[in-house]
Amino acid sequence: GLDRAANGIDHMRKECVRASTADALRGFEGKAGVHYFGALRLLLDPRWQFKGRAYHPPPDPFNALLSFGYSLLLKDMTATINLVGLDPYLGCFHALEYGRPSLTLDLMEEFRPLAVDAPMMGLVLDGKLTPDHFTVTGRTERPIELGSAQMPTVIQAYEKRLDDVVMHSPSSTNQRLRRCYEMQARIYARVVMQQRSEYEGMVA
């Protein structure tokens with residue numbers, strides 16, 4: 001159940017300090033993700049057909065919803081990274097590949113649950129989005145997609161969430177969530193410039 005998922009995530013958090021390579025660290029992160037998305041599955045009506053996080057392409061309505069939300073986060077985080085003066089393609093955790101914005105993906109990770117998963121789950125649990133709002137396209141590259149009529153609802157939920165005031169744990173100050181994007185990017189920049197010894201992520 002949910003307790004087992006929470007314990008599994010906590011175990012991976014403690015064990016990941018043993019990772020000696022980036023690939024090993026990604027392994028711990030992947031196992032924690034299985035526990036996390038398994039917990040989300042328990043909260044969803046079976047009609048969503050969600051069995052866990054899957055993409056390239058998303059095979060079910062909830063994965064399609066998450067991917068759409070993450071695309072909004074990716075756009076905003078890339079803009080933030082450019083504002084701070086960093087290169088979105090030069091990250092440290094996601095493998096460097098041509099055309100992959102590795103740093104954007106790195107800095108997105110801590111904000112996925114905060115900025116996307118939470119408001120998307122809110123829409124689903126409140127009944128504002130249902131599986132019937134998604135279209136089965138029959139296309140291999142995008143077998144299921146959110147209906148255009150519901151896109152404004154999803155975008156508004158995401159934008160509203162960014163205006164929420166949250167505790168920015170590295171600075172111990174209350175900030176709007178959208179402001180935290182920039183604050184975290186600037187912490188990363190200071191680490192790169194050797195003005196700070198280590199990166200500290202946000203803890204909700």
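**View A. Proline 57 and the residues it touches.** Not counting residues up to four places away in sequence, proline 57 touches Thr140, Glu141, Arg142 and Pro143; contact here means heavy atoms within 4.5 Å. What you're looking at is a predicted model, in which local features need pLDDT of at least 70, side-chain atom pairs count only at pLDDT 80 or more, and totals for chains, interfaces and linings use all residues. Residues are numbered from 1 along each chain as its sequence is written, and side-chain values use heavy atoms, with hydrogens and water left out. Proline 57 belongs to the loop between H2 and H3; helices (H or I, at least four residues) and strands (E, at least two) are DSSP runs, numbered from the N terminus. Proline 57 counts as partly exposed because its relative accessibility is 27%. On that scale, buried means under 20% relative accessible area, exposed means over 50%, and partly exposed lies in between (1.4 Å probe, protein chains only). Check the peptide bond between histidine 56 and proline 57 too: this one is cis, with omega about -5 degrees. Most peptide bonds are trans.

**View B. Glutamine 49 and its positive phi.** Here's another stop in the loop between H2 and H3, this time at glutamine 49. Glutamine 49 isn't a glycine, yet its phi is positive, about 60 degrees.

**View C. Helix H2 from end to end.** H2 covers residues 22–43, which makes 22 residues. From its first C-alpha to its last, H2 reaches 32 Å, close to the 32 Å expected at 1.5 Å a residue. (The expected span is 1.5 Å times one less than the number of residues.) Look for the buried residues of H2: Phe28, Ala32, Phe37, Gly38, Ala39 and Leu40. Their cover includes helix H1 (2–15), helix H3 (61–84) and helix H5 (112–125).

**View D. Threonine 80 in its surroundings.** Threonine 80 is a residue of helix H3. Threonine 80 counts as buried because its relative accessible area is 11%. Leaving aside neighbours within four places in sequence, threonine 80 is in contact with Tyr181, Glu182 and Ala185.

View E. After H7 comes glutamine 194, with a positive phi near 60 degrees.

**View F. The hairpin of E3 and E4.** Strands E3 (residues 165–168) and E4 (residues 173–176) run antiparallel and are joined by four bridges; two strands pair if DSSP finds at least two bridges between them. Valine 166, for example, has glutamine 175 in E4 as its bridge partner. Four residues lie between the two strands of this hairpin. In the turn you'll find serine 172, with a positive phi of about 55 degrees. Serine 172 is exposed, since its relative accessible area is 56%.

**View G. The second largest pocket and its lining.** A pocket is found on a 1 Å grid over the protein atoms alone: it's an open set of points with protein on both sides within 12 Å along at least five of seven lines, and lining residues have an atom within 4 Å of a point. This one holds about 210 Å³ of space, where volume is the space filled by probe spheres set on the points. Its lining includes Pro119, Leu123, Gln156 and Arg161. H5 and helix H6 (151–162) each give two or more residues to this lining, and H6 gives the most, with five. The lining divides into three nonpolar, three polar and five charged residues. (Ala, Val, Leu, Ile, Met, Phe, Trp, Tyr, Cys and Pro count as nonpolar, Asp, Glu, Lys and Arg as charged, and the others, Gly among them, as polar.)

**View H. Glutamine 150 in its loop.** Glutamine 150 is found between strand E2 (144–146) and H6. Is glutamine 150 buried or exposed? Glutamine 150 counts as buried because its relative accessibility is 17%. Apart from residues up to four places away in sequence, glutamine 150 touches Leu129 and His133.

Terms used. On a 1 Å grid over the protein atoms alone, a cavity is a set of points where a 1.4 Å probe fits but cannot get out, and a pocket is an open set with protein on both sides within 12 Å along at least five of seven lines; lining residues have an atom within 4 Å of a point.
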